[in-house]
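Please keep the sequence and the model open side by side while reading. The paragraphs below go from a pair of side chains to a sheet, a core, a helix and some backbone details.

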Amino acid sequence: MSAQVRPYAAVDLGASSGRVMVGRVGPDTLELTEVHRFSNRPVRVPEGLRWDVLGLYAGVLEGLRAAGGGLASVGIDSWAVDYGLLDADGALLGNPVHYRDPRTEGIAEEVWAALPAGELYAATGLQYAPFNTLYQLTAARSTAQLAQARRLLLIPDLLTYWLTGTQGTELTNASTTQLIDPRTRDWSHPVAQRLGIDLSLFAPLRRPGDPAGELRPEVLEETGLAGPVPVTAVGSHDTASAVAAVPATGERFAYICTGTWSLAGLELDAPVLTEESRAANFTNELGLDGTVRYLRNIMGLWLLQECVRAWGEPDALGSLLREAAGVPALRSVVDAGDAAFLAPGRMPERIAEACRLSGQPVPGSPAEITRCILDSLALAHRRAVEDAQRLAGRSVDVVHIVGGGTRNALLCQLTADACGLPVVAGPTEAAALGNVLVQARAHGPAGDLAGMRRLLTRTQSPTRYEPRGGTRRWKAAQARLARG
């Protein structure tokens, strides 16, 4: 290996699986190898839905063992909003609550009684989602666990703490708590005070690229790595890392990070905090180098994942997509952002019922339901890209799709058709690539976000989809959905 090419380990934890990737980075090199993948299955206990965070940590250790020696750094990214609580000795008080747990039902109204929704948005810029950390903390207010807690660590920060013994709160993920002011990029003390949330629970803020300690001797022994191995704060919200890995060549682009969720929007220099933006349910999350991820959360491929799970044929997705391509387009669509689809279970029946209630043809076969889901996602992507441009006052001429959804060629083509714009799909492992690139620039020559993207465009091979057939039928479907 060239002295200029160094290996970095990216721990990338998604809502259904985790992986450890080794990225080799040099002036004209960006190579990513998966060394370990493991499942991430929530567990339902009498108290509710919980993450198996110990299983995740075991997967991380096994992945670092598989990564081999010579690592220049380790970085961790994961999904947002969820957290673990530690006692005064630094011990975890219980398995972190899953964001799909129903404990936050009705909590928003309690929060808004103390701090109206418009004021909350103007202060934090975060869209309403029932599982935002702010609502989770409000729901936990009277619990013995929170009363005993002396520290709150978001999921990537918790795993970093176990690896290093140091505590911090990485900024891009902190911005999903609804307790950060996106203008100052710091905690919103007025919001916390109005809602009775103790910000001293949070460890000091870290920025992407900041040092986050070194692997503890016990971790080195268990993984077989030779120290010292630094751990680096990355864009620890996986969407922040994924957006950093969008191979854009200019500013006139929209992005869609696809996977369990679809996060669709623009990269801006400043937040959009208008009442119109709040009503459209757009969020202002923080990205690298002072950027704002202005986006809308869409339910994403979770809808299809849950249907495939219900059908009991996890290996049949390829044939299912081929059959869905032959189903007539846009017969039935549902609102892919509807919170009614948030909880697991009975997804095929719930989608069929939504179509029936809106007076549309009811999809019956797996192929018909799959086509309904993909058409609905493409339509939601179109609406998000259109609305983001209008609300931010910025036009785009290309849509970049990154993440696991890039493997779904039908979804990528339908998104191009719906938006009436070319779609550039790839890289698939965008979060891991963004993770690795932040580490590489923290431990090598200084580089900005544009420089990272130039390396991506030189080393990655995305697929381009041109729009077909005009957008008239998509406009009609959008109007039909609005009437329903």
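A polar contact is here a pair of N or O atoms within 3.5 Å, where, within protein, one atom must be able to donate a hydrogen and the other to accept it, and where residues adjacent in sequence count only if both atoms are side-chain atoms. The model is a predicted one, in which local features need pLDDT of at least 70 and side-chain atom pairs count only at pLDDT 80 or more, whereas totals for chains, interfaces and linings use all residues. Residues are numbered from 1 along each chain as its sequence is written, and side-chain values use heavy atoms, with hydrogens and water left out.

With that term in hand, the side chains of Gln413 and Asp417 are joined by a polar contact of 2.9 Å. Burial is judged by relative accessible area, with buried meaning under 20%, exposed over 50% and partly exposed in between, for a 1.4 Å probe and protein chains only. Gln413 is buried, at 12%, and Asp417 is buried as well, at 1%. Contact means heavy atoms within 4.5 Å; leaving aside neighbours within four places in sequence, Gln413 is in contact with Tyr465, Glu466, Pro467 and Arg468, while Asp417 is in contact with residues including Glu466, Pro467, Arg468 and Trp474.

Which strands form the open sheet, and in what order? It has 7 strands, arranged E17-E18-E16-E15-E19-E20-E21 with mixed pairing, where two strands pair if DSSP finds at least two bridges between them. Its edges are E17 (283-286) and E21 (463-465), each of which pairs on one side only. Within the sheet, E19 (residues 398-403) and E20 (residues 423-425) run parallel and are joined by 3 bridges, and His400 has Val424 of E20 as its bridge partner.

The largest nonpolar core has 164 residues, and those with the most contacts inside it are Leu134, Leu159, Leu163, Leu179, Leu303 and Ile351; such a core is a set of buried Ala, Val, Leu, Ile, Met, Phe, Trp, Tyr and Cys residues joined through side-chain atoms within 4.5 Å. Helix H15 (residues 366-392) gives the most to this core, with 12 residues. Beyond four places in sequence, the contacts of Leu179 include Leu134, Leu137, Trp187 and Phe202.

In helix H3 (residues 117-124), the buried residues include Ala117, Leu120, Tyr121, Ala123 and Thr124. They cover an arc of only 165° around the axis, which puts them on the same side of H3, the arc being that of the directions from the helix axis to the C-beta atoms. Just after H3, Gly125 takes a positive phi of about 70°.

Most residues other than glycine have a negative phi, and most peptide bonds are trans. Against that background, Asn281, in the loop between helix H11 (275-279) and E17, has a positive phi near 60° and is partly exposed at 28%. Arg346, in the loop between helix H13 (317-325) and helix H14 (347-357), has a positive phi near 50° and is exposed at 55%. The peptide bond from Gly227 to Pro228 is cis, with omega near -5°, and Pro228 lies in the loop between helix H9 (217-223) and strand E14 (230-232). A cis bond also joins Gly426 and Pro427, with omega about 5°, and Pro427 lies in the loop between E20 and helix H17 (430-442).

How values were computed. Helix = DSSP H or I, 4+ residues; strand = E, 2+ residues; numbered from the N terminus.
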